[in-house]
Amino acid sequence: MSTTVWQVARRPRWIAALVLALGVASAFAALGQWQLARSVEGGQVTEEQTESSVPLTSIAVPQKPMPSDTIGQLVTVGDVTWVAGDWIVLSDRSNHAEPGYWVVAHAVTGTGASLAVALGWTASADAAASAITTLEATPPAASLSGRYLPTESPQQSDFEAGKHSALAVSELVNLWADAPDGVYSGYVISDQAPAGLETIDAPPPNNEVSLNLLNIFYAIEWVIFAGFAIFLWYRLVKDAWEEENLPHESPAEPSPQEPTLN
C-alpha cells in the first residue's frame, strides 16, 4: 500500500528535521529583523530631544566639530557680551520665503569662547545698519537662547562683489577684529530679535526616519533564506516519498546475439 507525503512527513526523523528547519528559519528571521532595525537606526533622534533647551556648554566644545546629534538643538548661553565692531550683515537671507538680511553678532560667552549669533532679520540693508547702531549702544541681555546649527560653507558668498551671504564660522573668524581663542564650530539663531529686527524662522530639524537601503536588502535576503530552510525540508520529505512509492525500472535484459556464420 502506497503512503502519502503527509504520512512520510509525520515520521519522527522528518518531524525532527522540521524542528531543525524551523529553528534555522527563526534565526534567519531574527537576523532580518535586526537588519531592518539597523536601517532606521539613523532616524531615531526625536523632536522632543531637540526641543528641550539645554546649556550650550553641555553639547558643544569650542574648537571641536559639531556632533551630528546636536544639530537644531535649542540651547541657552549665559553671560554674553557683544564684541564691538564685529557685526556682519548677511545678504540673500530669506525669512518666511521673503528675501532680506541677517544681522550676525560676535558674542563672547562667560567661558571666554567666541560664538556667532544670528540676531534677527530685516528686509532692508538700511534697517540692518540702523539695528547695529542701536545694538552698539545697548548692552546685551545676561543670557540668550536659540537654536544651534552647523556652520555653512563660505563658498556661498560672493567675495569678489564684497557680499557675504553664508554664515560660515571659518569666514567670520577672518572678518572679526578680535577673535579670542576658542570658537564654537556652530552658530545660534536667537529666538528673540532685538528692536528693529524680526525673529528669524528656525523650525525644528526634519525628524523623518531615513532608511538604509542596504540594510533593507540584507533583511529581505534573510527572509528568503528563512523560507528556503522550510522549502528544503519539504523537498527532502518529498524525495523520500518518491523513493518509496514511485516504481523502479528493472534493468533492461540484453538482447540475444544473432549467430554468426563462420
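The protein has six helices and eight strands, where helices (H or I, at least four residues) and strands (E, at least two) are DSSP runs numbered from the N terminus. Along the sequence these elements follow the pattern α-α-α-β-β-β-β-β-β-α-β-α-β-α. This is a predicted model, in which local features need pLDDT of at least 70 and side-chain atom pairs count only at pLDDT 80 or more, while totals for chains, interfaces and linings use all residues. Residues are numbered from 1 along each chain as its sequence is written, and side-chain values use heavy atoms, with hydrogens and water left out.

**Burial and backbone**

- Of the 262 residues of the protein, 33% count as buried; buried means under 20% relative accessible area, exposed means over 50%, and partly exposed lies in between (1.4 Å probe, protein chains only).
- Asp-79, in the loop between β2 (73-78) and β3 (81-82), has a phi near 55°, a positive value in a residue other than glycine, and Asp-79 is exposed, with a relative accessible area of 56%.
- His-96, in the loop between β4 (88-90) and β5 (101-108), also has a positive phi near 55° without being a glycine, and at 61% relative accessibility His-96 counts as exposed.

**Salt bridges**

- Side chains of opposite charge can pair when their charged atoms come close.
- The structure holds five salt bridges, a salt bridge being a side-chain nitrogen of Lys or Arg within 4 Å of a carboxyl oxygen of Asp or Glu.
- One of them joins Glu-51 and Arg-147, whose closest N and O atoms are 2.9 Å apart. This pair links distant parts of the chain, with Glu-51 in the loop between α3 (47-50) and β1 (54-55) and Arg-147 in strand β7, 96 residues apart.
- Within that pair, Glu-51 is partly exposed at a relative accessible area of 27%, whereas Arg-147 is buried at 6%.
- Another salt bridge is formed by the side chains of Arg-93 and Glu-152 (2.9 Å, N to O). Here too distant parts of the chain are linked, since Arg-93 lies in the loop between β4 and β5 and Glu-152 in the loop between β7 and α5 (169-175), 59 residues apart.
- Both Arg-93 and Glu-152 are buried.
- Glu-242 and Arg-235 meet through their side chains in a salt bridge (3.7 Å, N to O). Salt bridges that share partners join Arg-235, Asp-239 and Glu-242 into one network.
- Glu-242 is partly exposed at 25% relative accessibility, and Arg-235 is partly exposed at 29%.

**Largest pocket**

- The largest pocket has a volume of about 370 Å³. On a 1 Å grid over the protein atoms alone, a pocket is an open set of points where a 1.4 Å probe fits, with protein on both sides within 12 Å along at least five of seven lines, and lining residues have an atom within 4 Å of a point. Grid points are joined across faces, edges and corners, and the volume is the space filled by probe spheres set on the points.
- Its lining has 19 residues, of which Trp-82, Pro-140, Ala-141, Gln-192 and Pro-194 lie nearest the centre of the pocket.
- At least two lining residues come from each of α4 (125-137) and β7 (143-150).
- By class, the lining has twelve nonpolar, six polar and one charged residues; Ala, Val, Leu, Ile, Met, Phe, Trp, Tyr, Cys and Pro count as nonpolar, Asp, Glu, Lys and Arg as charged, and the others, Gly among them, as polar.
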